[in-house]
Amino acid sequence: MGLPSADGRLGLRILKDLLKGGSILGALSAMREGLGDAFQIKFAGFKPVVLSGPKHGRRILVKERDKFAWRNESDPVTSLLRHGFLVVDDEEHDKLRQIIEPALTRKHVHDHVAMMVGYSEQVMSRWPTEGTVDMLVEMRKVSLLILIKSLFGVDITDRMESLWPHVLGVIKYVSPGPWIVLPWKKRFGFKRNIREMDSFLFETIQSARNTTGERSEPTLLDDLISAGLNDDTIRDQMLTLLIAGHDTNTAHLAWTLYELGAHTDTKSKVVEEVTSILGSDRPSKESIDRLEYLGMVINESLRLHPPIHVSNRKSKCPFHVNGSTVPENTRTMFSIYLTQREGEHWDQPDTFMPERFESGNKRTPFSFLPFGGGPRNCIGAIYAQVEAKVVLACVLQSFEIELAEKNVGEHMGATLEPKPGVTMSVRKRMPQLS
Ligand code: HEM
């Protein structure tokens, strides 16, 4: 007996959404409700098994993870990242992860807090004293500047404008779209974006090789060079970190600002916390972990809007699920989004309630996994949480913010983004901070 699959109506809805480049999350939620925690979507060239819930999460991410590969040769993300450690398996992955991990520990990330503040101020300095800004665009600028400086030691302020279209281009290249159901369809227009990104990355590697040993604080790029990797392998890891690191942070920050705009009581509580803990100082590595309520808001935003909403795998061998056998080479998707909204594990699952993350509140293991789980969980989880606190605290210290456009939907790009963006009215706060 096979897994339950969608009837024609839901199948067509998914197809239509994919062809339009929209979000298929509404259709997936309806399938989860009608078909249970394991079902299959069936189109000619696209027949993924979709799993959700703590039981399946634990299996895919931990207990039976060896049955599933991360690398899928036919996915655009593999042709873009080549041998980036996000798209390789086994020993090749583990060796690379070992080189990269030390630069992303809490201690190292804390050393970047002052720089994160600096770039937040730089981006906010271009906002009007009173006016509107699109937080999706602004948070992408902040995230890119911070990530590239902290990991590769490069300030891209002056190159932002020229790099911007190519960054967006490569993200579009790996975003879901008609290619999923029409894999034979040629995809035009991305070569130039990839070439331009490559030329930036190779230039950065060359310049770091020329100055290696001169920096008092080695960067992650220095670690990759010291490990003896060649330029192509380093390029693959840099692009992996750049895409996996900045697009997720962008979406997360934009969603959190949206939720703060939509819930003014929560926003007032965060402002109160930021003011009482930081006073007139900017966040520092000493104070950042004390912003506990902001941490709860961040978690609740990650629960409702997980930027990586699905873990994508390919089965290496047949596996059993709910009494059915799924053959090898099946695309297997574990839905973080559906899991984090399951009524069995969450009270009022669709409601924004940061208080559910108060310390002491118990939750089912593997019901909250915005950063994945097991040995291949998100390598940038600490980085992302620290950066989110720094940037959000700085924004709330400097500006009063309100949603200017409440009608915001979900867009399934490379990450789950707010669509068409998060337009907010901003008004500069006085007095200035010290
Ligand atoms: C809010 C921000 C972020 C979220 C929600 C997020 C989420 C995730 C998730 C769910 C996974 C596991 C995917 C799976 O099981 O298929 C993952 C893996 C990964 N993330 Fe993140 N991430 C974030 C930020 C970052 C940052 C800042 C970096 C880099 C500095 C990063 C780099 C990576 C990499 C390289 C992997 C693959 C790890 C491996 O295969 O060993 N992420 N992330």
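Helices and strands are taken here as DSSP runs, of at least four residues for helices and at least two for strands, numbered from the N terminus. On that basis the predicted model has a chain whose secondary structure comes to 16 helices and twelve strands. The C-alpha trace spans about 65 × 50 × 40 Å along its principal axes. A compact globule of 434 residues would have a radius of gyration near 22 Å, and the value for the chain is 22 Å, so the two agree. Of the 434 residues, 42% count as buried. Among contacts between residues at least 6 apart in sequence, 74% join residues at least 24 apart.

When residues up to four places away in sequence are not counted, Val 390 touches Val 113, Met 116, Val 117, Ser 120, Pro 283 and Ile 288.

Helix H8 (residues 135-152) was examined for its length and its burial. At 1.5 Å a residue, the 18 residues of H8 should span 26 Å; the end C-alpha atoms are 25 Å apart, which agrees. H8 is mostly covered, with 15 of its 18 residues buried. Just after H8, Gly 153 takes a positive phi of about 75 degrees.

The loop between helix H15 (336-339) and H16 holds Trp 346, and Gln 348 has its place in the loop between H15 and H16 as well. Trp 346 counts as buried because it has 20 C-beta neighbours inside 10 Å, where 20 or more are required. Gln 348 has 9 C-beta neighbours inside 10 Å and therefore counts as exposed, the limit being 12 or fewer. The phi of Gln 348 is near 40 degrees, a positive value in a residue other than glycine.

A positive phi is also found at Arg 82, which is not a glycine; the value is about 50 degrees. Arg 82 is placed in the loop between helix H4 (76-81) and helix H5 (90-100). With 14 C-beta neighbours inside 10 Å, Arg 82 counts as partly exposed. Elsewhere in the backbone, Lys 419 and Pro 420 are joined by a cis peptide bond with an omega of about 10 degrees. Pro 420 is found in the loop between strand S11 (416-419) and strand S12 (423-428).

Terms used:
Residues are numbered from 1 along each chain as its sequence is written. This is a predicted model: local features need pLDDT of at least 70, side-chain atom pairs count only at pLDDT 80 or more; totals for chains, interfaces and linings use all residues. The radius of gyration is taken over C-alpha atoms; the globule rule is 2.2 Å times the number of residues to the power 0.38. Two residues are in contact if their C-beta atoms, placed from the backbone, lie within 7 Å. The expected span of a helix is 1.5 Å times one less than its number of residues.
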